[in-house]
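Student: I should like to work through the model shown here by question and answer.

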Amino acid sequence: KTESVPALTGKAAEIDAKIKDQGNKVRELKTAKAGKEEVDAAVKVLLELKQSFKAETGNDWKPAEQPKKADKGKENKQPEKKPAGEDDEKSDTQKKREAKKAEKAAKKAAHKADEGKTGGGAGESAVEDGPDISAGKYGVQ
């Protein structure tokens, strides 16, 4: 929902500027870790300014729309890639997974090599010459 804020003139514009200044003061006090009493006093002044703005204009004070930042400080950081030899920080579980994966790949490669030597897999060597007893029983073939 987008509300168009009418341009402020006269006293409303002055109060708006004071509200912005006071808001910045409160922000600075909070970042400087100022005492609670000091921050509360500044906030009280800010609230009074906002009330006078509402009395003047009939609307609650809202900050002007600021352009949205593409980066709000939270970003999906990719883990830094390390050279292949540095796996000191891998967990035991990760090391086991990688070992299992490597073992599986080795078995697969060995199986492919054996298959190539024998001239094919079990399907090619076990050719049956008998009659097809399922002919006509299971639909179209």
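This is a predicted model: local features need pLDDT of at least 70, side-chain atom pairs count only at pLDDT 80 or more; totals for chains, interfaces and linings use all residues.

Tutor: Residues are numbered from 1 along each chain as its sequence is written, and side-chain values use heavy atoms, with hydrogens and water left out.

Student: How far apart are the end C-alpha atoms of helix 1?

Tutor: Helices are DSSP runs (H or I, at least four residues), numbered from the N terminus. The expected span is 1.5 Å times one less than the number of residues. For the 22 residues of helix 1 this should give 32 Å, and the computed distance agrees, at 32 Å.

Student: Within what arc do the buried residues of helix 1 fall?

Tutor: Buried means under 20% relative accessible area and exposed over 50%, with partly exposed in between (1.4 Å probe, protein chains only). In helix 1, Ala12, Ile15, Asp16, Ile19, Gln22, Gly23, Val26 and Leu29 are buried. Taking directions from the helix axis to the C-beta atoms, these residues line one face of the helix, because they fall within an arc of 145 degrees.

Student: Is Gln22 buried or exposed, and which residues does Gln22 touch?

Tutor: Gln22 lies in helix 1 and is buried, with a relative accessible area of 10%. Contact means heavy atoms within 4.5 Å. Not counting residues up to four places away in sequence, Gln22 touches Ala42, Val45, Leu46 and Leu49.

Student: Which residues are exposed on the other side of helix 2?

Tutor: The buried residues of helix 2 are Val39, Ala42, Leu46, Leu49 and Phe53. They fall within an arc of 85 degrees, so they line one face of the helix. What covers them includes helix 1. On the other side, the exposed residues are Lys36, Glu37, Lys44, Gln51 and Ala55.

Student: Which element gives the largest share of the lining of the second largest pocket?

Tutor: On a 1 Å grid over the protein atoms alone, a pocket is an open set of points where a 1.4 Å probe fits, with protein on both sides within 12 Å along at least five of seven lines; lining residues have an atom within 4 Å of a point. The second largest pocket holds about 200 Å³ of space, and of its 11 lining residues, the closest to its centre are Lys20, Asn24, Arg27, Trp61 and Pro63. Two or more residues of the lining come from each of helix 1 (10-31) and helix 2 (36-57). The largest share, 5 residues, comes from helix 1.

Definitions and conventions:
Grid points are joined across faces, edges and corners, and a volume is the space filled by probe spheres set on the points.
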